[in-house]
Amino acid sequence: MEGVTNLPMRIWFHLVSAPETLATPFLRVTATYPHKELPREFAPELGELRAYLPYQLVPQLMAADTDEFLRVAPALLRESEFVELNCGCPSPTCVGKGAGSSLLKNADEFGTMIGRISRELGPGRFAVKMRTGFQSEQEFSTLIAPLSALPLARLTVHGRTRPNRYTGMARWDLIEEAAQKVVAPLVASGDVVDDSSLQQRLRVAPSVQHVIIGRGALRNPWIFEALRRRSHVSISFQHLRLAVLVLALLQELMATDPVKLFTLCKEGLFNQSCEHNVDRWLQVYRALAVAVWPAGHDHPDRPSEVSRATLGRVKLVWNYLRSSLPAPFFAPPPLRSGSLEGFLDGLTAAYDVLERPQYLQLCHRPEFDWLYSGEKKVKVVESTCKDLADTPI
């Protein structure tokens with residue numbers, strides 16, 4: 001996700017719930033950028049940090065021109081099995097420059113572009129991410145046709161058109177249509193927020209073997225563990241607080257001293273996930289705190305401050321995450337805070353309202369779906385999960 005899944009965020013997701021595969025945000029390729037080499041921070045897990053971060057990484061490029069894509073792709077293919085072209089971003093900025101979902105405007109031109117790239121890069125070296133149409137779902141069959149026999153590494157289909165953006169429900173019936181027509185592995189995208197939603201969608205698209213999760217992972221970063229367990233996940237408040245602090249410090253260190261962050265990776269600090277191991281979270285927190293702050297600020301009860309930009313990134317994640325926690329955490333004080341201390345105080349206040357239970361359950365709360373879809377009207381849906389589960393993990 002653009003502006004979200006940078007290196008610190010990828011490390012954080014790995015620490016939280018160990019997804020098998022993560023993806024870069026798209027790198028916008030133009031005639032002049034990147035000029036000589038890829039930015040060091042774009043996909044270091046493919047090269048410099050490959051031995052120190054265990055998840056697989058999918059590098060993603062965005063380009064309006066076939067030659068520009070082919071100019072940059074070989075640099076990634078020296079370290080990655082394949083490279084992916086983003087043909088799905090609905091942003092007016094991308095579309096206005098002929099990139100993202102704009103590539104779906106003309107099915108013939110789209111097929112020509114994808115076919116040429118596939119031939120020149122070779123079998124299994126090129127992947128495509130797309131939507132079900134630029135203007136209408138009626139375009140989908142025509143768009144899929146020239147891709148059906150191509151030896152792509154994978155084809156990812158987000159079951160919405162460009163005008164849909166993230167509203168309404170993704171068309172998994174169209175995803176199933178694609179899965180039956182293409183020879184490449186099909187990856188489905190859209191509306192997976194928990195195990196129940198995944199199983200419902202797989203009943204519509206039984207041929208689908210792979211799924212990617214975007215907004216659902218922001219709303220519940222523990223979703224990958226939940227899907228492996230096929231149940232809700234409960235965490236302690238200390239676990240939640242440490243995870244937020246680690247997120248802040250990862251972002252702050254990347255912004256202020258990326259060399260130190262790379263060094264911590266190479267020292268093995270992030271080679272294992274933390275998941276529910278609070279002692280491991282403390283270990284990671286303290287190592288990051290020493291790197292970011294002066295001595296004396298390495299205790300989680302006495303954190304120092306971070307930049308406004310870092311706090312903004314933490315709030316971006318929290319704005320999603322709060323909707324999967326018990327209701328008092330959805331209150332606005334953390335988002336209104338002007339400091340990390342104030343943000344953490346807001347979390348503690350919500351915990352106090354709940355009378356400090358031992359565990360907090362994370363689950364999908366459908367009454368908040370409208371906030372994350374771009375829809376204007378509030379949709380009130382009765383939640384199907386408990387607000388609180390004071391049960392052991």
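Helix axes are lines fitted to C-alpha atoms over the stretch in contact, and the angle between two of them runs from 0 to 180 degrees between N-to-C directions. In the predicted model described here, helix H10 (residues 237-256) and helix H11 (residues 258-266) pack with their axes 5 Å apart, at an angle of about 125 degrees. H10 is therefore oblique to H11. On the side of H10, the contact is formed by Leu 250, Leu 253, Met 254 and Thr 256, while H11 contributes Pro 258, Lys 260, Leu 261, Phe 262 and Leu 264. Of the residues in this contact, 7 are nonpolar, 1 is polar and 1 is charged.

Helix H7 (residues 195-204) was examined next. Its buried residues are Asp 195, Ser 197, Leu 198 and Arg 201. These residues lie on the same side of H7, because they cover an arc of only 160 degrees around the axis. Among the elements that cover the buried residues of H7 are helix H6 (172-181), strand S9 (210-212) and helix H9 (223-229). At the start of H7, the backbone nitrogen of Ser 196 has a side-chain oxygen of Asp 194 within 3.3 Å.

A further site is found in a loop. Thr 24 is located between strand S1 (21-23) and strand S2 (27-29). With a relative accessible area of 0%, Thr 24 is buried, since residues under 20% are classed in this way. Leaving aside residues up to four places away in sequence, Thr 24 touches Thr 5, Arg 10, Phe 42, Ala 43, Leu 57, Val 58, Pro 59 and Gln 60. A polar atom of the Thr 24 side chain lies 3.0 Å from the backbone nitrogen of Gln 60.

Methods
Residues are numbered from 1 along each chain as its sequence is written. This is a predicted model: local features need pLDDT of at least 70, side-chain atom pairs count only at pLDDT 80 or more; totals for chains, interfaces and linings use all residues. Side-chain values use heavy atoms; hydrogens and water are left out. Helices (H or I, at least four residues) and strands (E, at least two) are DSSP runs, numbered from the N terminus. Buried means under 20% relative accessible area, exposed over 50%, partly exposed in between (1.4 Å probe, protein chains only). A polar contact is a pair of N or O atoms within 3.5 Å; within protein, one must be able to donate a hydrogen and the other to accept it, and residues adjacent in sequence count only if both atoms are side-chain atoms. Contact means heavy atoms within 4.5 Å. Angles under 35 degrees count as roughly parallel, over 145 as roughly antiparallel, 65 to 115 as roughly perpendicular and the rest as oblique. Ala, Val, Leu, Ile, Met, Phe, Trp, Tyr, Cys and Pro count as nonpolar, Asp, Glu, Lys and Arg as charged, and the others, Gly among them, as polar. The arc is that of the directions from the helix axis to the C-beta atoms.
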